[in-house]
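Open the model in your viewer and keep the sequence panel beside it. This tour tells you what to select at each stop.

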Amino acid sequence: MSRPGRVRRVVTDRSGGASAAPYDAFNLAVHVGDEPGAVQANRVRLAGLLGVPVGDLVWMDPIHGRTVRRIDGPHAAAVSGCDGLVTTTPGLVLTALSADCVPILLADPGAGVIAAVHAGRTGVRLDVAGHAVAAMVAAGASAGGIDALLGPAICGSCYEVPLAMQRDVDAAAPGSASRTTRGTPGLDLRAGIRTQLMAAGVSQVVLDPRCTAEEPTLFSHRRDGITGRQAGAVWLS
Ligand SMILES: [Zn+2]
């Protein structure tokens, strides 16, 4: 049996990268129209900052679904058709790209099982977080041994949605209904995900409270339209 490693989690911001406006500057996504060379330079920079080979960074091509895939080794291309990745392989850095959606970084340190999940409104409605916990348990984790970090995302005071949509999401993720600063119906996706993770048996949920729409050092799709993506990353060192 391998000895469980230490869990590392990192969330990136906009600063220090090679991308030009409107992707300035540390955009890590290839699907948003940025110069591929700049994105690759940014990914090499991220690998250097984390102290890992760039080939050990694993990317997803999110589809706003609830599919979670287990991987055991490096992937040169983005893993397609899923919004969550699970691994037990030390050194493999699982990433979730976002710009208002929620990056969820999960780990059972004792069992040596980790997951990275991308959860927007649709993912919350489909309980992708609960599906990630199930996939981790299938890989050897115990739900009660899992702790979660919810990275920066648009907050419930900023994320305005139609009332029917708010009710629909809150039914699937109780606690996600919010009121915006304009006094209109809103969604607090992280509150809903917290409910879903606790319902799945996760022992601890920690929130990075920063709002992407309010914080200029973070990418926000709702604020800026065409823009880059930050990454949440988790790995076993
Ligand atoms: Zn906000």
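Helices (H or I, at least four residues) and strands (E, at least two) are DSSP runs, numbered from the N terminus. Residues are numbered from 1 along each chain as its sequence is written. The model is predicted: local features need pLDDT of at least 70, side-chain atom pairs count only at pLDDT 80 or more, and totals for chains, interfaces and linings use all residues.

**Stop 1: the open sheet**

Select β1, β14, β7 and β2. In that order, these four strands form an open sheet with mixed pairing. Its edge strands are β1 (7–11) and β2 (57–58), each pairing on one side only. Two strands count as paired if DSSP finds at least two bridges between them. Strands of a sheet pair through backbone hydrogen bonds, either parallel or antiparallel.

Now show β14 (residues 230–236) with β7 (residues 93–98). They pair in the antiparallel sense over five bridges. Find Leu-97: Ala-231 in β14 stands opposite. Then find Leu-94, whose bridge partner in β14 is Val-234.

**Stop 2**

Is β14 buried or exposed? Seven of its seven residues are buried, so the strand is mostly covered. The burial cut-offs count other C-beta atoms within 10 Å of a residue's own: buried at 20 or more, exposed at 12 or fewer, partly exposed in between, with C-beta atoms placed from the backbone. In a regular strand the side chains alternate between the two faces of the sheet. Colour Gln-230, Gly-232, Val-234 and Leu-236 for one side of β14, and Ala-231, Ala-233 and Trp-235 for the other; all are buried.

**Stop 3: the nonpolar core**

Which residues touch the most other members of the largest nonpolar core? They are Leu-94, Ile-104, Leu-106, Ala-115 and Ala-132, in a core of 63 residues. Such a core is a set of buried Ala, Val, Leu, Ile, Met, Phe, Trp, Tyr and Cys residues joined through C-beta atoms within 7 Å.

Centre on Leu-94. Leave aside its neighbours within four places in sequence. Its contacts then include Val-58, Leu-85, Ile-114 and Ala-115, as well as Ala-233, Val-234 and Trp-235. A contact means that two C-beta atoms, placed from the backbone, lie within 7 Å.

**Stop 4: helix α3**

Select residues 128–138. This is helix α3, mostly covered, with eight of its 11 residues buried. The buried residues are Val-128, Ala-129, Gly-130, His-131, Ala-132, Val-133, Ala-135 and Met-136. What covers them includes β4 (68–70), β6 (84–87), β8 (102–108), β9 (113–119), α2 (121–125) and α5 (189–199). Step just past α3 to Gly-140, where phi is positive at about 115 degrees.

**Stop 5: helix α5**

Move to α5. Eight of its 11 residues are buried, so the rest of the structure largely encloses this helix. Highlight Leu-189, Arg-190, Ala-191, Gly-192, Ile-193, Arg-194, Gln-196 and Leu-197 to see the buried residues. Gly-201 follows α5 and has a positive phi, near 100 degrees.

**Stop 6: helix α4**

Select Arg-167 in helix α4 (residues 163–172). Arg-167 counts as exposed because it has 12 C-beta neighbours inside 10 Å. Draw a C-alpha to C-alpha distance from Arg-167 to Ala-191: 14 Å in space, and 24 residues apart in sequence.

**Stop 7: backbone exceptions**

Most residues other than glycine have a negative phi, and most peptide bonds are trans.

- Ala-21 and Pro-22 are joined by a cis peptide bond, with omega about 5 degrees. Pro-22 sits in the loop between β1 and α1 (36–50).
- Asp-24 and Ala-25 are also joined by a cis peptide bond, with omega about -5 degrees. Ala-25 lies in the loop between β1 and α1.
- His-64 is not a glycine, yet its phi is positive, about 55 degrees. Look in the loop between β3 (60–61) and β4. With 15 other C-beta atoms within 10 Å, His-64 is partly exposed.
- Asp-100, not a glycine either, has a positive phi of about 120 degrees. Its place is the loop between β7 and β8. Asp-100 is buried, because 25 other C-beta atoms lie within 10 Å.
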